[in-house]
Amino acid sequence: MAITNTPSIAIKNLNAPKISQLPQGLTIVAEQMPVEAVNLNVWLNVGSALEPDSINGMAHFLEHMVFKGTSQLKSGEFEQKIEERGAITNAATSQEYTHYYITTAPKDFAELAPLQLDVVLNPSIPDDAFAREKLVVLEEIRRSEDNPRRRTFYRAMETCFEQLPYRRRVLGSASVIEKLQPQQMRDFHAQWYRPQGITAAVVGNLPVEELRSIVEKAFDRTQTNFGVVGSPKSLVPEPAFNKIVRQEYTDPQLQQARLAIIWRVPGMNQLSQTYALDVLAVILGQGRMSRLFRDLREDRRLVSSIGVSNISQKVQGAFYISATLPPENIAAVEEAMVEHIRTIQTELIEPKDLDRVRTLVANRFIFGNERPSDRANLYGYYYSQLNDIQPALDYPARVQALVASDLQEAARRYLSTDSYGIVVARPLDLKN
């Protein structure tokens, strides 16, 4: 998700959310929304990018263990109370954040919010549950490695980043997870799950002050002696590729080949530089009208699937083109991908095409943030990463403000046609 900052608020029917900070450091972002639900999204500024190699995967493993009980709740009791009220809970871990959420009926929010904060801030992490859940995490790692799309993506990120921790997997490796101990996780939780690094975004059909008051009282009820939040290590963007870095391997589980081309591009710390890349991703490979889809799949039948993403991590992003294709088409498809980039660099996009794509990207963003859970997720993400939600409010207006020369300049500056990373995965050739 990439954005830039502008002065206008452009999410339709959006009541300006209210931001407040408690004395201990917890930030609350609250907004009333006339939908009969309330979503509480608790965001923590810790993910796999902050882990040392020796405990890579700890943030994700801890996400699992948070639900294994507290001094006030037995293992499984939180989920039972959530389900009894017809509410929903889940969580996710990424490179730079972990977040937990519940969606409840407004009448149940005051009762369930304290339970949500209790499990997040006060997990017991018992030894026996740790050992059992370790097996679950190891199975999740195994399943991820059985997924051809994920395997190709992992290889691409390892090719893209030589030093930055984005090259590592959020899940970690089995060899590291197998060695982790419960006390290491307790120490990790104590270091990172502190109010100074938490954003609680709450959106739903209660007055803003009531939403805020419920979260504040729920936080006070946690009765935890908080220390100082851990200091994130300083990460430095890597320079752009200065040549084509090619990685090829044979994958006996594949039926077709996989091809991925990747560039190092600006991340969220350079918001103004990411916006045009979002739109270029759509022009090139998102949807049936995109250039690569029409050319390589529909017209020339060189690929069975193709897609493009602009992955905006905090310190540095990755512009990623991937395709599934017969092995004999690899050279032609790589050449065609590069040629489409070159065309954007040399020929301005037609006004009618630009209008269509700008509207598509802006409306996709607006339509994707219509529910309380969407809105709380949006606010939590942006505030946790940037200490600011204004860029989230401005995203559609920024897209609509782009002109053809902005896209051309972004392609010239960041998507070199002679310097990039490429990963090719070939199926086993049974003829030889």
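Helix α9 (residues 271-285) packs against α14 at an angle of about 55°, and the two axes lie 11 Å apart. The structure is a predicted model, in which local features need pLDDT of at least 70, side-chain atom pairs count only at pLDDT 80 or more, and totals for chains, interfaces and linings use all residues. Residues are numbered from 1 along each chain as its sequence is written, and side-chain values use heavy atoms, with hydrogens and water left out.

## Two pairs of packed helices

Two packed helices are described by the angle between their axes and the distance between the axes. Axes are lines fitted to C-alpha atoms, for helices over the stretch in contact, and angles run from 0 to 180 degrees between N-to-C directions. Helices (H or I, at least four residues) and strands (E, at least two) are DSSP runs, numbered from the N terminus.

The helices α9 and α14 are therefore oblique to each other; angles under 35 degrees count as roughly parallel, over 145 as roughly antiparallel, 65 to 115 as roughly perpendicular and the rest as oblique. The crossing of α9 over α14 is right-handed. A crossing is left-handed if the near helix is turned anticlockwise from the far one by less than a right angle, and right-handed if clockwise. On the side of α9, the contact (heavy atoms within 4.5 Å) is made by L271, Y275, D278 and V279. On the side of α14, P391, Y395, P396, A397, R398, V399 and Q400 take part. By class, the contact of α9 with α14 holds eight nonpolar, one polar and two charged residues. Here Ala, Val, Leu, Ile, Met, Phe, Trp, Tyr, Cys and Pro count as nonpolar, Asp, Glu, Lys and Arg as charged, and the others, Gly among them, as polar.

A further pair is formed by helix α11 (residues 330-346) and helix α15 (residues 404-414), which pack at an angle of about 130° with their axes 7 Å apart. That angle makes α11 oblique to α15. The crossing of α11 and α15 is left-handed. In this contact, I344, Q345 and T346 of α11 meet L407, Q408, A411 and R412 of α15. The residues of the contact of α11 with α15 divide into three nonpolar, three polar and one charged.

## The nonpolar cores

A nonpolar core is a set of buried Ala, Val, Leu, Ile, Met, Phe, Trp, Tyr and Cys residues joined through side-chain atoms within 4.5 Å. The largest such core has 67 residues, of which W263, L280, L296, F319, M337, L407 and L415 touch the most other members. Helix α9 gives the most to this core, with 10 residues. A second, separate core of 58 residues includes V46, I82, V176 and A200. Apart from residues up to four places away in sequence, L296 touches R301, L302, V303, I306, V333, A336 and M337.

## Residues in loops

Most residues other than glycine have a negative phi, and most peptide bonds are trans. R301, although not a glycine, has a positive phi of about 55°. It lies in the loop between α10 (291-299) and β9 (305-311). N387 likewise has a positive phi of about 55° without being a glycine, and it lies in the loop between α13 (372-386) and α14 (390-401). R301 counts as exposed at 58% relative accessibility, and N387 counts as exposed at 56%.

Q313 is found in the loop between β9 and β10 (316-325). Q313 is buried, with a relative accessible area of 8%. Leaving out residues up to four places away in sequence, Q313 touches Q95, E96, M157, F161, Y166, G267 and M268.

L402 is placed in the loop between α14 and α15 and counts as buried at 8% relative accessibility. Its contacts, not counting residues up to four places away in sequence, are Y275, A276, V279, L354, R358 and L407.

## Pairs of residues apart in sequence

| Pair | Separation in sequence | C-alpha to C-alpha distance |
|---|---|---|
| R413 and V265 | 148 residues | 9.3 Å |
| Q247 and G421 | 174 residues | 8.0 Å |
| L402 and L354 | 48 residues | 8.8 Å |

R413 belongs to helix α15 and is exposed, with a relative accessible area of 53%. Q247 is found in strand β7 (residues 245-250) and counts as partly exposed at 40% relative accessibility. Leaving aside neighbours within four places in sequence, Q247 is in contact with T159, I422, V423 and V424.

Conventions:
Buried means under 20% relative accessible area, exposed over 50%, partly exposed in between (1.4 Å probe, protein chains only).
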